[in-house]
Amino acid sequence: MTIQFNDETFRDDYSFRNSDWAIKRFPFPFHEDSYMYSVNMEQHRGGPEGSIYENRFDVDEHYVSEMRDRAMVLADDPLRCQSMPHMTLAGWDLLELIMVSKSEDYPDLFELHRDGNNWRWVNKPLGIDDSFVFLDETTLPYGPMEYITRQAQGDFCVLDQRDDNLWMDAGMVTTQADWSLDFDIGMNFFEWHAPVPLAHEKGIFVRALKFLLNIQQGAPARRLNWTMTVNPLLDTSPENYHKWGIQKTTLSPENIGSKQHLRVELQTFFRLPRSNALVFPIRCYLCSFQDLMTVPKWGRRLHRVIRDLPEELATYKGFIDNRPMMLDYLSSFDDGQATSDGI
Ligand code: HEM
């Protein structure tokens with residue numbers, strides 16, 4: 001299908017909107033009426049036509065505006081993009097993966113022409129037409145990871161694999177749920193997950209790491225994660241907490257339907273061919289409560305999940321203070337009927 005790109009903002013006047021199409025394909029993350037952390041991994045082998053799982057890298061109506069927002073974040077704070085010197089090859093691997101995937105999956109929007117190492121990349125939505133020499137950094141305006149992730153929705157962590165662990169040695173992180181690349185750079189899988197409550201004692205991270213270390217080339221995996229965001233903000237970083245944290249106090253019974261957003265991350269995992277690094281794209285989807293409530297089974301289920309969520313998780317996810325107001329709003333959409341599985 002042809003995508004109509006929105007002209008919208010994720011800051012100041014928050015003109016971000018989801019079309020009916022975007023609401024319909026929103027990745028509602030709950031498959032039962034309660035939620036607890038688990039190793040919820042599955043193969044990333046595509047999905048129903050039109051769904052966010054159909055392609056390796058989903059491109060939607062927010063693409064152009066999200067890339068504009070990323071450029072603004074980077075102009076304010078270049079440390080949102082970092083790559084240690086030994087990660088440059090992984091950056092080229094990532095550039096190749098994204099260019100090949102997008103040009104195959106969206107041939108009307110992206111083109112890749114290759115003649116040996118002489119490559120030409122055409123990105124029609126962003127008006128880019130660049131020729132460069134693959135593996136020669138001097139022929140691109142940025143390093144390979146930065147170049148391609150300025151043109152790809154979602155954050156990207158590029159992880160070096162050594163000593164049976166993963167190390168956050170490169171990344172482009174401008175749309176994160178309250179964690180910092182600059183703080184986590186150089187950390188390993190257990191170190192950067194240290195703040196997460198309840199999951200370590202359940203052995204989740206030991207099992208998850210084992211799974212990730214064994215991901216093979218051509219067999220990517222995926223999982224969903226979620227949190228809550230007041231206003232459709234992409235950049236909820238610790239670096240800018242002074243700007244967005246305070247906005248949580250602006251929620252009221254009158255505006256909660258439009259201001260409160262469920263934030264869902266489609267997290268995917270790809271093995272990279274030359275470097276053996278693992279890339280972890282984290283694609284953020286936002287949907288306001290009032291848009292979610294247009295799907296009755298989502299309204300019922302969200303009420304029950306939020307009501308019964310352990311206090312530690314509501315605190316870690318940053319909405320413990322607003323939970324009572326959310327429940328007042330959501331309860332009016334819960335008629336007590338059973339919800340069916342497999343949403
Ligand atoms: C949270 C990174 C894979 C489970 C986080 C955080 C980061 C992160 C930076 C935020 C921690 C903080 O509060 O500072 C990554 C990276 C991964 C990865 C780079 C890929 C290598 C996984 C996997 C699982 C997982 C495979 C599977 C269980 C979680 C959970 C949270 C979390 C449950 C808490 C999220 C929440 O409640 O919102 N991860 N993660 N992560 N991660 Fe991962």
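1. Let me begin with Asn188, whose side chain reaches the backbone nitrogen of Phe190 at 3.0 Å. This is a polar contact (a pair of N or O atoms within 3.5 Å; within protein, one must be able to donate a hydrogen and the other to accept it, and residues adjacent in sequence count only if both atoms are side-chain atoms). Asn188 sits in the loop between helix H5 (181-184) and H6, where helices (H or I, at least four residues) and strands (E, at least two) are DSSP runs, numbered from the N terminus. Asn188 counts as buried at 10% relative accessibility; the classes are buried under 20% relative accessible area, exposed over 50% and partly exposed in between (1.4 Å probe, protein chains only). Leaving aside neighbours within four places in sequence, Asn188 is in contact with Asn165, Leu166 and Trp167, contact meaning heavy atoms within 4.5 Å.

2. A word on the basis of these values: this is a predicted model, in which local features need pLDDT of at least 70 and side-chain atom pairs count only at pLDDT 80 or more, while totals for chains, interfaces and linings use all residues. Residues are numbered from 1 along each chain as its sequence is written, and side-chain values use heavy atoms, with hydrogens and water left out.

3. Which residue is the protein donor of the iron atom of the ligand? His193 is the only one, through NE2 at 2.0 Å. Donors here are N, O and S atoms within 2.8 Å of the metal (3.2 Å for Na, K and Ca); water is not among the atoms, so sites may look incomplete. His193 lies in the loop between helix H6 (189-192) and helix H7 (204-213).

4. The largest pocket has a volume of about 1100 Å³. Its lining has 50 residues, and the closest to its centre are Trp179, His193, Val196, Asn225 and Tyr316. Strand S8 (221-230) is among the elements that supply at least two lining residues each, and S8 has the largest share, seven residues. By class, the pocket lining divides into 31 nonpolar, eleven polar and eight charged residues. Ala, Val, Leu, Ile, Met, Phe, Trp, Tyr, Cys and Pro count as nonpolar, Asp, Glu, Lys and Arg as charged, and the others, Gly among them, as polar.

5. For the spaces themselves, the search runs on a 1 Å grid over the protein atoms alone: a cavity is a set of points where a 1.4 Å probe fits but cannot get out, a pocket is an open set with protein on both sides within 12 Å along at least five of seven lines, and lining residues have an atom within 4 Å of a point. Grid points are joined across faces, edges and corners, and a volume is the space filled by probe spheres set on the points. By this rule there are three cavities of 30 Å³ or more.

6. The largest cavity has a volume of about 120 Å³. Its lining includes Arg56, Asp58, Lys102, Phe156, Arg283 and Tyr285. S10 gives the most to this lining, with three residues. The classes here are six nonpolar, two polar and four charged residues. The second largest cavity, of about 60 Å³, has Asn18, Arg25, Asp60, His62 and Tyr285 among its lining residues.

7. Asn123 is another asparagine worth a look, in strand S4 (residues 118-123). Asn123 is buried, with a relative accessible area of 1%. A polar atom of its side chain lies 3.1 Å from the backbone nitrogen of Leu126. Asn123 also touches Tyr63, Leu109, Phe110, Ile128 and Gln151, not counting residues up to four places away in sequence.

8. Finally, is Asp13 buried or exposed? Asp13 counts as exposed, at 56% relative accessibility, and belongs to the segment before helix H1 (20-24). The side chain of Asp13 makes a polar contact with the side chain of Thr9 (2.6 Å). Asp13 and Pro232 are 219 residues apart in sequence but 10.0 Å apart in space, C-alpha to C-alpha.
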